[in-house]
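Hi everyone, thanks for making time.

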Amino acid sequence: MTTKFTEDHEYVTVDGDTGTVGITVFAQDQLGDVVFVELPEVGRELSKGDEAAVVESVKAASEIYAPLSGTVTEVNAALSGEPGLINQDPAGAGWLFKLTVRDHAELETLMDEAAYAEHAK
Amino acid sequence: MAERQDTDLLRTPLYDQHVAAKARLVDFAGYALPVQYEGIIAEHKWTRQSAGLFDVSHMGPAFVALGSPTGDADQDHHAISTLVEPLVCGDIAGLKPGQVRYTLLLDETGGILDDLMIARPPAGDASGMLYIVVNAATKDADFERIGKALGAAAKLERADDQALIALQGPSAAEVIADLMPQAAQLSFMNHALVSFDGEVIRIARSGYTGEDGFEMLVPASAAGALWDQLAADERVKPVGLGARDSLRLEAGLPLYGHDLDATTSPIEAGLGFAVSKRRREAADFPGAERILRERTEGPERVRIGLHIEGAPAREGAEILDPEGNKIGVVTSGGFSPSLGRAIALGFVPEHMSDPGTALQVLLRGRVQPATVVETPFVPHRYVRNSKTKPQGPAA
């Protein structure tokens, strides 16, 4: 299992062929209270960089981009009733969606934890 | 995402307080101001249930004063009002000592250049003076416009080097009563002078949240001490501009530069109450022809409130009729922490503006249902204490 990060403050945790996507602790802190989440449809084919979801805070809407190419297999249904999970536990219960990873080589283009920590400073 | 960057920004007299409270500072109208302290929703709800403390020192307080007052308060008030009234649609001459009035600065076509407060000094204060507070983003243009209109007879003196502090919420009056007992006796839209820490504070019972509360003009040297004392009260928490915006939106209060601009008339904006009766009868304000015509015949568009299903519609989102035709635009929108749903203000043709009318909004290429509702979205809780008289300066 490995976790990688994008410049736009998304993370993807890859376990076998499944990637779990969410936003980082830094991102949720910058956004503030999340009040609404728009998630992709299961089965949707995403290319790396596609707009995949929208996270709305009190102040603004933020697009979430697919960190990797793949097919959406599952979305976090709990977020529709409790979008604040993204603030409380972004790396855990506040995940957004899962996808089957199409091309593992794309992982090499993303930041590891140390590089992301530097980026989010 | 934006990083903290406040080196080139103006600082209010309360900057150190915000840094000490670990507020998230942002550029707002050129000032480094807190958008939030602990979180917008928590601060919003605290203001509705107890009392929120706001730094609004970016706004534009000023005084306009006659160069040579006679000393007769009524005569001097009439003279200064005569100079200011040609710019606005409110009855300024009719203000009683201490009274505060919400009014509109208009251009020649009746478009709104700003919304502002104008107050007559309380008994015993300066004769032939008005206290005004305008919006931050418009203050330079407003002050220039007002200064020109005054000519040689009077002068405008800016007071935006002072702090402007608001305390808003159901507990605000109890908190103020402990510090400045006379102020707690004020009725809504009246103001007084009180002493604090050896300084004179100008305090009005007014605000921008829909709650009871106070707005205080405080000399910079006393601002930190007053803020700290208020913030130390367990009923009070500091509240940032994020919650200030969600609170005013729930209260259905328009925000200049968003819900109001120079293309908007007072009647379109639902601010007909700000066109005072005496001024209507005299038709002696800028754009009177258009405004009086719209008042009798109805304007082409009106400001409405919307309940929106699903994601919040933000400023600029199109409003559609049930057939999908564009009929208007959202001018302010967001999430209502009190109602737990998306709400918005916008403009639509008058025949589509009745509460209950089913409309739609266009968000990210998809339509979402919306319903016209009465504003305010959350009822106002102003305190009109008719038994008390406007207060004079502190003894």
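This is a predicted model: local features need pLDDT of at least 70, side-chain atom pairs count only at pLDDT 80 or more; totals for chains, interfaces and linings use all residues.

So, which residues line the largest cavity? They are V64(B), V84(B), V88(B), L105(B), L116(B), I118(B), I132(B) and I146(B), where lining means having an atom within 4 Å of a cavity point, and a cavity is a set of points on a 1 Å grid over the protein atoms alone where a 1.4 Å probe fits but cannot get out. By class that lining is eight nonpolar, no polar and no charged residues, with Val, Leu and Ile counted as nonpolar.

Residues are numbered from 1 along each chain, chains are lettered from A as written, and side-chain values use heavy atoms, without hydrogens and water.

Now the interface. The contact (heavy atoms within 4.5 Å) takes 19 residues from chain A and 20 residues from chain B. Together the chains bury about 1700 Å², 51% of it on carbon and sulfur atoms; that's accessible area, 1.4 Å probe, lost on being put together and summed over both. On chain A's side, Q30(A), V58(A) and K59(A) lose the most area, together 32% of what that side buries.

And the charges? There are five salt bridges between the chains (Lys or Arg side-chain nitrogen within 4 Å of an Asp or Glu carboxyl oxygen). One of them joins E38(A) and R366(B), at 2.9 Å, N to O.

Key. Buried area is the accessible area (1.4 Å probe) that two parts lose on being put together, summed over both. On a 1 Å grid over the protein atoms alone, a cavity is a set of points where a 1.4 Å probe fits but cannot get out, and a pocket is an open set with protein on both sides within 12 Å along at least five of seven lines; lining residues have an atom within 4 Å of a point.
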